[in-house]
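Here is a short note to read beside the model. Please keep the sequence and the 3D view open while going through the points.

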Amino acid sequence: MWYFARELCVNATKNRKLLGLWNRPAAFMSTLLINQPQYTWLKELGLREENEGVYNGSWGGQGEIPAPKRGEIVRQIGDALREKIQVLGNLVSLEMGKILVEGVGEVQEYVDICDYAVGLSRMIGGPILPSERPGHALIEQWNPVGLVGIITAFNFPVAVYGWNNAIAMIAGNVCLWKGAPTTSLISVAVTKIIAKVLEDNKLPGAICSLTCGGADIGTAMAKDERVNLLSFTGSTQVGKQVALMVQERFGRSLLELGGNNAIIAFEDADLSLVVPSALFAAVGTAGQRCTTARRLFLHENIHDDVVNRLKKAYAQIRIGNPWDPNVLYGPLHTKQAVSMFLGAVEEAKKEGGTVVCGGKVMDRPGNYVEPTIVTGLAHDASIAHTETFAPILYVFKFKTEEEVFAWNNEVKQGLSSSIFTKDLGRIFRWLGPKGSDCGIVNVNIPTSGAEIGGAFGGEKHTGGGRESGSDAWKQYMRRSTCTINYSKDLPLAQGIKFQ
């Protein structure tokens, strides 16, 4: 619907820069990346030495834009992202640390969800239901919720915003985005691209506003009653706090939290699929995906063989500068992540685990750690039940289908899960009520790499939210059940007579 009003601004925009460039010493200005020759491409994204923290444009306007017209705007946003896909991918790789092909792929994900949303803009609707009263029609009407607050994490600084933003826009909402403090340049660059498309269509860029900051900003968004829906992606610990703050004001939240994902390989599994799948799921993005495989359950008859194959595969991982197209594995995002990695490795040793591969910080500049495999832990070891955002894979032996399905489900998180088998009966038991309790349940593919057409999200401590495809659009809208009497009588439901 896109009704615009000044009240939608959360402690709104300042039309001036917080600090003038003249207040910055020349030495400081020369150290900024954008002023260094190898990073001048940042200017292609409209970035400057000083970038406003919130959309700095004209507020106001009113009216109603039909859903297919909103879809056309989203289509143009997708095209604008396509034009900048390589340079945006470079920035994702630079600021987040993932390898370049993943950075470009993440922007492609936003482009794809824009394409998906365009089609969806002509399909949103509720059912016409049979009324028990003659001369009456019973229908469902879906309307925008209003203002959608979107808080995203560092590991997918473009794609997760895209999942929320594109669907929220075609649903008729306006958005306020708070990205991770450590990936703020990406947030600013994406917002500038969207704002230009909106303004080229004579719409306020403020439809998609941005605020940069830390936990204090997130808290303000969670507590503000003007934020009709708050979508939060991050840790389970912070997600609990967000959920409580939003629920306290009877607001709506969409939570995408932690994952402690497992791959299960049975003795009939195709090992030519198991090994590369486990490698990609455990090591991709240096273990910093919410869908990263952190537990690998191997049938006792194939355990040793698979572990040996994985050790050989790990030894061949090309590690280095994430901008190098030949590199498959880059650094962790922060020094804090390195500390958490080391702490988890030591705890695994204390609990009886054996490090068969990796386990150390690499002797090179940057936050590089060795991709790590740990064997010998009990399936219920506390460290194996703790999500560590790092490339550590815990490997376990199992004997029976019943026990390993239970082990998959015994952790508090319920995001992604995979089995490898050729047994058709087992596949359908895995998909059924006695199988995986996760939101993403895979067969013969890794735990990561979800497609946009399916709803993305998980159960239990993962938060229960769903983003992207299927009917996830319903979370960005409010439903009204509408009864229309087109007769001259007034019959009551359930045959009640009131005379």
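Predicted model: local features only at pLDDT ≥ 70, side-chain atom pairs only at ≥ 80, totals over all residues.

The points below go from the whole chain to two residues.

1. The protein chain carries 13 helices and 19 strands.

2. **Dimensions.** Along the principal axes, the C-alpha atoms occupy a box of roughly 75 × 75 × 40 Å.

3. **Burial and surface.** Of the 499 residues, 52% are buried. The accessible surface of the protein chain is about 22,600 Å². Carbon and sulfur atoms contribute 54% of that surface.

4. **Contact range.** Residues 24 or more positions apart make up 74% of them.

5. **Charges.** There are 50 positive and 49 negative side chains. The centres of the two sets are 4 Å apart.

6. An unreviewed UniProt entry gives "domain: Aldehyde dehydrogenase" for residues 64-480. The annotation may be inferred rather than shown by experiment. In the model, this span is 38% helix and 20% strand. The C-alpha atoms at its ends lie 19 Å apart.

7. **Glu256: the record and the model.** UniProt lists Glu256 under "active site", again in an unreviewed entry. The residue sits in strand E7, which covers residues 252-256. Is Glu256 buried or exposed? Its relative accessibility is 4%, so Glu256 counts as buried; the cut-off for buried is under 20%.

8. **Glu256: surroundings.** Residues up to four places away in sequence are not counted here. Glu256 touches Phe232, Thr233 and Gly234, among others. Its contacts also include Phe456, Gly457, Gly458 and Thr462. Gly465, Arg466 and Glu467 are in the list as well.

9. **Phe389: position.** Which loop holds Phe389? Phe389 lies between strand E11 (372-375) and strand E12 (392-398). Gly287 is 102 residues away from Phe389 along the chain, yet their C-alpha atoms are separated by 6.1 Å.

10. **Phe389: surroundings.** Neighbours within four places in sequence are again left aside. Phe389 is in contact with Gly287, Gln288, Arg289 and Cys290, among others. Arg294 and Leu332 are also among its partners.

Note on methods
Residues numbered from 1 in each chain as written. Heavy atoms only, no water. Helix = DSSP H or I, 4+ residues; strand = E, 2+ residues; numbered from the N terminus. Buried < 20%, exposed > 50% of the residue type's maximum accessible area, 1.4 Å probe, protein only. Contact = heavy atoms within 4.5 Å. Areas by Shrake-Rupley, 256 points an atom, 1.4 Å probe, with all protein chains shown as cover. Lys, Arg positive; Asp, Glu negative; His and termini not counted. Charge placed at Lys NZ, Arg CZ, Asp CG, Glu CD.
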